[in-house]
Amino acid sequence: MFMETETFIIKNRKRITLMLSQATIFVWGIFFLFFPLLFLTNFTDVFVIPKQILLCLAALLSMVLWAARLFVSGKVSIRRTFFDVPLLLFAAALLLSAIFSIDRFDSLTAVAPVLFGVIGFFSITNVVRKENAALFLLASFVLSAIICSLLIIFSFVKVYPLPLAATHFRQFTPFGSLLEQFVYLLVVLLITLYFALPVIKGKTDAKTISAVIATLILFAGIIITGINMVQNPPVLLPFETGFQTAFAAISQDSGRIAQGFFFGSGYGTYDTDFTRFKQPAFNANQTLWTVPFSNSSSYILELLATGGFLGIMTFLFLLFRIVVNPSKKFANPIFLSLLTLALATFLLPFSFIEVTLLLMVLGLFANFDGLRHTNKYFDVELHVVALKKGLLSFEQERDAYENTNIVAYGIGIVFLVLVGLLGYLAGTYVIANAYFQRSLIEAAMNNGSATYQDEATAINIFPYQSIYYRIFSQTNIALANALSSSFTKNGSKPTQQQQNTLYQFIQQAITTGKQATILSPLSAADWQNLSSVYRSLIGVGQNADSFAVLASQQAAILDPSNPQEYIALGGIYYQLGQYDSAIRQFQTATNLNPSYPNAYYNLGHAYEQKGDFQNALSQYQIVKSLVTSQTDKNQITADINTIQSKIKNNTQQQAPTAQQNQSLTTPVANPTSTILKPTKKLDLTASTSAPISISPTP
């Protein structure tokens, strides 16, 4: 009787474990199907963030199901593949690069989706034990690409099956990038082509014919994508600049040479590497010099810069395992796709979508490889054993020690704790991003109060994104200006409460501007934003002029080859009447980019205000030779006539106003702030070193 009861319990455990495994396979089948198709307008990145949410949900749900299997089975059984060790080392290297990064929070945010992808790989390889399960995942993968390809074909012939107006144009792509779409479709095409080739030998069963049809649809989608790419070529960083910035990032990072070499700048922070280490010669490319690249020329070069020596070596170890896999690779329908992606890492930049695609294809390859080489892909179990043999031991299932539940329950609890922690962090990130996106829409509708509230809510929910603080600081300045303008327009004297509200807006603009630089100290954009906040308060706050200069100087240090940084700094000196200092900054801008008319235009204004009309005329004449639009030509011609008149009469007339200069970009004179001067100078030295709570209503 006891033996029968034990047998019944064992059978039930196996049945429940099998059901949980099938549920996991279903979860990843849904993920494979919807991953390339999902896009939502509720987030700041319409195409990427929804896909990240889907990956996060699939990974966390599979961890819950994995924990349930551990509790039910009472044992830890792990499927070994050729890619386990290099993939774990790669994930660890990326995590360490984020931890040692100066822009730590930005890097951790970028690393998290990759870690979810790694979880997905191990989840898939540990539940697929039969060919029908592997074919189910593969079918979902292929079907999603076919649907994408059909959308592309319909859009190309101006038939729009989706109801969203934003999708009604010929070059619509659910990937948000034609290059990413091309890579995705090509990878899937190589798989369907494998199954379609037997038709050449006369095989015409349903499977082969379906593969032929799928191949034709995908091929059409690729051709149309290629045509669209010719018409709108992707903007890619030249390899010369990619090489230069990558090697500079791991060898010239002053103050952290060792960390930079081994861990890089931090995964996902290539935008700061690009601004800090690009050479002035890059400005000679008049098409690309203003583009803020967030990806390098190729994924390998980006890993070298952001992941350092450990990141690049662990990834190369993974690629080595792919290429030298001892199995009969060409018998695996996924191999050519996997090899194509491996080669593409040397030639193309990879975003979140391509990195996830690589992990997906790697998991599918391991599944099919394991089904064909069961002697090389085996299960191991983790047990508690006698201390004389070590506390933990890995053994093949057939040689396992007597099973215990301790390890299974312990790991299952760890999984659930991780699910709770990661789910909370991911959830707050997503909710905050949705609020922030809504604030941008409200700002476009000129709804200041709603913009303020949504941005404040986003910061309170997820206080680790510097861009939230940067934009919120500008919102506070805008609201302060609007409030001051209302007093001036009505001719009324502000009440004490209104003065306090005005002071609160100003102080929050400073505090949140500073917080952005604390979270991302290497971001030139955050420092330039802080400088603009202080610049708008010159004459209102104590030492605002000094703080504006210092913040702008820091922005120039972090983006030393960008002439626009020196124009901004020179503009502050110009506003303060320090024309010699302004001239030096504008001259630096002209040296960095001799083809940039705005640098000469600002330099000419500084000379004109100083009274050096001859040099001013020389700069204006250079501007005239560089500008292309007729409006700008007319404006600079008028400026030249004015300065020639001054030279002729040898009189000092007032320089053209900002309104007269508005047809040329970025006149040096800073628009006068409309913020009313309070009864006392504001204290601008207050700062914060921790996330703040924002609640007042404008």
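The side chain of Thr314 reaches the backbone oxygen of Leu310, at a distance of 2.8 Å. This value, like the others in this report, comes from a predicted model.

Thr314 is located in helix H11, which spans residues 299–323. With a relative accessibility of 12%, Thr314 counts as buried, because the limit for that class is under 20%. When residues up to four places away in sequence are set aside, Thr314 touches Pro86, Leu89, Phe90 and Ala93.

Apart from neighbours within four places in sequence, Thr475 is in contact with Thr451, Tyr452 and Glu455. The table sets out the two residues side by side.

| Residue | Helix | Relative accessible area | Contacts beyond four places in sequence |
|---|---|---|---|
| Thr314 | H11 | 12% | Pro86, Leu89, Phe90, Ala93 |

Two packed helices are described by the angle between their axes and the distance between the axes. The axis of H8 (residues 239–249) comes within 7 Å of the axis of H11, and the two cross at roughly 20°. Angles under 35 degrees count as roughly parallel, and H8 and H11 are therefore roughly parallel to each other. The crossing in which H8 passes H11 is left-handed. On the H8 side, the contact is made by Phe239, Gly242, Phe243, Ala246, Phe247 and Ala249; on the H11 side, Leu301, Leu304 and Ala305 contribute. Of the residues in this contact, 8 are nonpolar and 1 is polar, and no charged residue is present.

These details belong to a protein chain of 698 residues, of which buried residues make up 51%. The secondary structure of the chain comes to 24 helices and 3 strands. Among the contacts between residues at least 6 apart in sequence, 74% join residues at least 24 apart.

Key:
Residues are numbered from 1 along each chain as its sequence is written. This is a predicted model: local features need pLDDT of at least 70, side-chain atom pairs count only at pLDDT 80 or more; totals for chains, interfaces and linings use all residues. Side-chain values use heavy atoms; hydrogens and water are left out. Axes are lines fitted to C-alpha atoms, for helices over the stretch in contact, and angles run from 0 to 180 degrees between N-to-C directions. Angles under 35 degrees count as roughly parallel, over 145 as roughly antiparallel, 65 to 115 as roughly perpendicular and the rest as oblique. A crossing is left-handed if the near helix is turned anticlockwise from the far one by less than a right angle, and right-handed if clockwise. Contact means heavy atoms within 4.5 Å. Ala, Val, Leu, Ile, Met, Phe, Trp, Tyr, Cys and Pro count as nonpolar, Asp, Glu, Lys and Arg as charged, and the others, Gly among them, as polar. Buried means under 20% relative accessible area, exposed over 50%, partly exposed in between (1.4 Å probe, protein chains only). A polar contact is a pair of N or O atoms within 3.5 Å; within protein, one must be able to donate a hydrogen and the other to accept it, and residues adjacent in sequence count only if both atoms are side-chain atoms.
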